[in-house]
Structure formats: structure tokens, C-alpha cells
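Open the model in your viewer and get ready to select residues. We will stop at a few places and see what is there.

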Amino acid sequence: MTAPLRIALIDDEALIRTGFAAIIGAEPDLEVVAQGADGIDAVSIARSGKADVLLMDVRMPTVDGIQATERIVAELDSPPKILVVTTFDNDDYVWQALRAGADGFLLKRTRVEDLLAAVRLVARTDALLFPEAVRRLAAATPARKAPKGIGDLSDREREVLVLAAKGLSNQEIAAALFLGRETVKTHLSAVYAKLAVRDRTQAVIAAYEGGLV
């Protein structure tokens with residue numbers, strides 16, 4: 001039997017944590033293993049290795065979700081997946097959190113079934129959550145200079161990156177381009193190196209900022 005996915009809840013509002021804990025704890029394949037009230041708690045929990053996914057509010061006192069994400073991604077070789085939670089999907093804080101390395105975001109008004117599906121998806125696949133919302137956030141963000149290295153990508157690397165930016169997993173990209181999954185991973189590694197980014201989220205952000213999507 002597969003062990004349940006371990007979820008940590010980080011929010012300065014106890015009522016929100018209690019609600020999420022009740023929803024997630026009722027699922028046989030999910031387990032709430034830790035809770036925290038700010039980004040300091042999030043970093044500590046991430047360092048402990050006890051959680052597979054951090055469900056984290058983006059706006060918190062002392063250390064917010066953006067700062068916590070930056071620390072976690074910078075410090076850990078294998079950080080937990082991070083889903084930031086926000087009230088508004090056009091929140092500039094969300095864009096900053098994604099740039100910092102978050103794997104996706106959820107709205108606090110998200111339906112229960114969508115919340116559960118998002119947690120499972122981000123934990124078990126390599127797809128970035130909610131690419132359409134990311135596109136809206138990118139469009140609302142002041143124009144930036146195209147990321148360095150965009151022009152150095154090969155045609156195949158661009159194809160792979162664009163599909164990743166549209167939310168496809170490595171397996172789905174492989175099927176779409178008639179490639180092996182390991183070949184897709186090799187192309188993505190080359191993309192990361194050329195764009196000087198550390199992970200898939202950063203590469204996808206670069207794709208939007210560079211006008212590839």
C-alpha cells in the first residue's frame with residue numbers, strides 16, 4: 001500500500017488551517033503532518049523533511065510565503081512541493097512567489113475537489129499548476145527584458161519549454177512530441193542551463209516573460 005502524501009499547512013489564520021486540515025485529513029491518501037503560522041515555520045518544516053507538499057499562504061506576518069519559498073528553494077537540494085494560497089488570482093504576490101520557485105497556487109475559495117486534485121497533482125507529477133492563470137499574471141506584470149538565454153534555445157528545446165509552460169508533464173510532452181521521457185528531461189536540463197534557472201517553474205516564468213507563450 002502506498003504511503004499517504006504528507007501535507008503541511010502554513011497560514012497565520014488558525015481557522016483556515018483547521019478547515020484545510022479537516023478536508024485533507026478526510027482523504028485516505030493524504031495526511032496532514034504539520035502546521036505553522038508563518039514563513040519561519042514553513043522553512044523549519046521543509047528542513048525537517050517531514051512534508052511532501054507545503055500548502056502555504058502567500059501573505060503572512062514576519063516572513064511571508066514569498067520569502068519562505070525563496071529560502072526553502074535556495075537551501076534544500078530536494079525541497080517539498082510548494083502551493084501558495086491567495087485570495088485573489090491576480091495578486092502580484094502570487095507572481096513573485098512563482099518566480100521564487102513555488103510550484104503553483106490555489107485560491108482560498110477553491111472548491112474542495114479542486115483543492116484535493118491540486119495537492120495530488122503537484123505532489124505526483126512534474127507539471128506546473130494553473131498555466132492559464134500564470135499567463136494572466138504574466139500579462140498583468142510590467143514588461144521585463146527578455147530573459148538571458150532565450151535566443152540560445154534550439155527549436156526542440158523551445159517546443160519542450162512551451163509545452164511545459166502550458167502545463168504538460170514530462171510524460172505528456174514526450175507523447176506530444178514522440179520522444180522518450182528521458183529525452184524530454186535531457187532537453188529540459190539544457191533549457192535550465194541556458195536560461196540559468198534552477199527548476200521548471202523558473203523556466204516557465206522565463207518562457208512567459210520571453211514571449212514564447
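**Stop 1: the largest pocket**

Start with helix α9. With 4 residues, α9 gives the most to the lining of the largest pocket. Keep in mind that you are looking at a predicted model.

Now select residues 181–195, which make up α9.

How much space is in the largest pocket? It holds about 520 Å³.

**Stop 2: the largest cavity**

Rolling a probe the size of a water molecule over the atoms shows where empty space is left. How many cavities of 30 Å³ or more does a search of the whole structure find? The search finds 1. The largest cavity contains about 40 Å³ of space.

Select its lining: Leu9, Ile10, Asp11, Ile16, Arg17, Phe20, Leu55, Asp57 and Val85. Then show β1 (5–10), α1 (14–25) and β3 (53–57), the elements that give two or more residues to this lining. Helix α1 gives the most, with 3 residues.

Colour this lining by class too. Here you will find 6 nonpolar residues, no polar ones and 3 charged ones.

**Stop 3: helix α4**

Move on to residues 92–100, helix α4. Which of its residues are buried? They are Val94, Trp95, Ala97, Leu98 and Ala100. Show their side chains and look along the helix. An α-helix has 3.6 residues a turn, so residues three or four places apart point the same way.

Now step off the end of the helix. Gly101 follows α4. Check the backbone there: the phi of Gly101 is positive, near 125°.

**Stop 4: Asp114**

Finish at helix α5, residues 112–124, and select Asp114 within it. Is Asp114 buried, partly exposed or exposed? Its relative accessibility is 32%, so Asp114 counts as partly exposed.

What joins the side chains of Asp114 and Arg111? Draw a distance between them: a polar contact of 2.9 Å links the two side chains.

Notes
Residues numbered from 1 in each chain as written. Predicted model: local features only at pLDDT ≥ 70, side-chain atom pairs only at ≥ 80, totals over all residues. Heavy atoms only, no water. 1 Å grid on protein atoms, 1.4 Å probe; cavity = no way out; pocket = protein on both sides within 12 Å on 5 of 7 lines; lining within 4 Å. Points joined across faces, edges and corners; volume = space filled by probe spheres on them. Nonpolar A, V, L, I, M, F, W, Y, C, P; charged D, E, K, R; others polar. Buried < 20%, exposed > 50% of the residue type's maximum accessible area, 1.4 Å probe, protein only. Polar contact = N/O pair within 3.5 Å; in protein donor to acceptor, adjacent residues only side chain to side chain.
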